[in-house]
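Okay, thanks for coming, everyone.

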Amino acid sequence: MDTIKLRRGDTFSYGAQVKVGASPQDLTGWQIAADARRVNGDTVQAITAAVVDAGQGLASLTIAEAGTAAMAAGYWHLQIRLTTPAGVSSSSEPAIIAVRA
């Protein structure tokens with residue numbers, strides 16, 4: 001995944017599709033959560049995560065302007081966690097968000 005670029009104070013909005021091989025994963029009944037953690041730090045920024053089209057495996061991730069304004073400039077790890085209806089959880093490999101002032 002490429003580095004996601006973000007300017008402090010802007011709305012962060014990101015769409016993602018979960019796939020198994022080349023096919024979309026049906027996310028009906030799944031839970032999604034996400035956060036951003038400062039690289040080399042313990043600061044955490046909550047991210048609003050939602051399944052927007054379960055049949056196509058589509059999810060959205062959002063941070064409002066006030067949230068991004070509170071993020072220090074630098075690099076952050078974006079982590080997404082999915083939980084199946086049976087309660088099995090898995091996390092993505094971290095993506096990088098580059099926050100600019």
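Some ground rules. This is a predicted model, so to speak of local features we ask for pLDDT of at least 70, and side-chain atom pairs count only at pLDDT 80 or more, while totals for chains, interfaces and linings use all residues. Residues are numbered from 1 along each chain as its sequence is written, and side-chain values use heavy atoms, with hydrogens and water left out.

Let's start with strand β8, residues 74-83. When I say helix or strand, I mean DSSP runs numbered from the N terminus: H or I with at least four residues for helices, E with at least two for strands. Two strands pair if DSSP finds at least two bridges between them. So which strands pair with β8? One is β5, residues 31-38, antiparallel over eight bridges. Another is β10, residues 95-100, also antiparallel, with five bridges. And β9, residues 89-91, pairs with β8 in the antiparallel sense over three bridges.

If you want to find these pairings on screen, look for R38 opposite W76 in β8, Y75 with its bridge partner A98 in β10, and T83 with S89 in β9. The β8 and β9 hairpin has five residues between the strands, and G87 there takes a positive phi near 90°.

Now the inside. A nonpolar core here is a set of buried Ala, Val, Leu, Ile, Met, Phe, Trp, Tyr and Cys residues joined through side-chain atoms within 4.5 Å. For burial, under 20% relative accessible area is buried, over 50% is exposed, and in between is partly exposed, with a 1.4 Å probe and protein chains only. The largest core has 20 residues, and F12, I47, L61, M71, L78 and I97 touch the most other members. Its largest share, four residues, comes from β8.

Take M71: leaving out residues up to four places away in sequence, M71 touches L6, R8, A36, Q45, I63, W76 and V99. Contact means heavy atoms within 4.5 Å.

Next, T68, in helix α1, residues 65-69. Is T68 buried or exposed? It's buried, because its relative accessible area is 0%. Beyond four places in sequence, its contacts include L6, R7, F12 and I63.

Back to R38 in β5. R38 counts as partly exposed because its relative accessible area is 26%. R38 and L78 are 40 residues apart in sequence, yet 9.1 Å apart in space, C-alpha to C-alpha.

And N40? You'll find it in the loop between β5 and β6, residues 44-53 being β6. N40 has a positive phi of about 60° although it is not a glycine, and N40 is exposed, at 81% relative accessible area.

Last stop, the largest pocket, with a volume of about 280 Å³. Of the 17 residues lining this pocket, A16, Q17, V18, I80 and S92 are the closest to its centre. A pocket, on a 1 Å grid over the protein atoms alone, is an open set of points where a 1.4 Å probe fits, with protein on both sides within 12 Å along at least five of seven lines; lining residues have an atom within 4 Å of a point. The volume is the space filled by probe spheres set on the points, which are joined across faces, edges and corners. The biggest giver to the lining is β2, with four residues.
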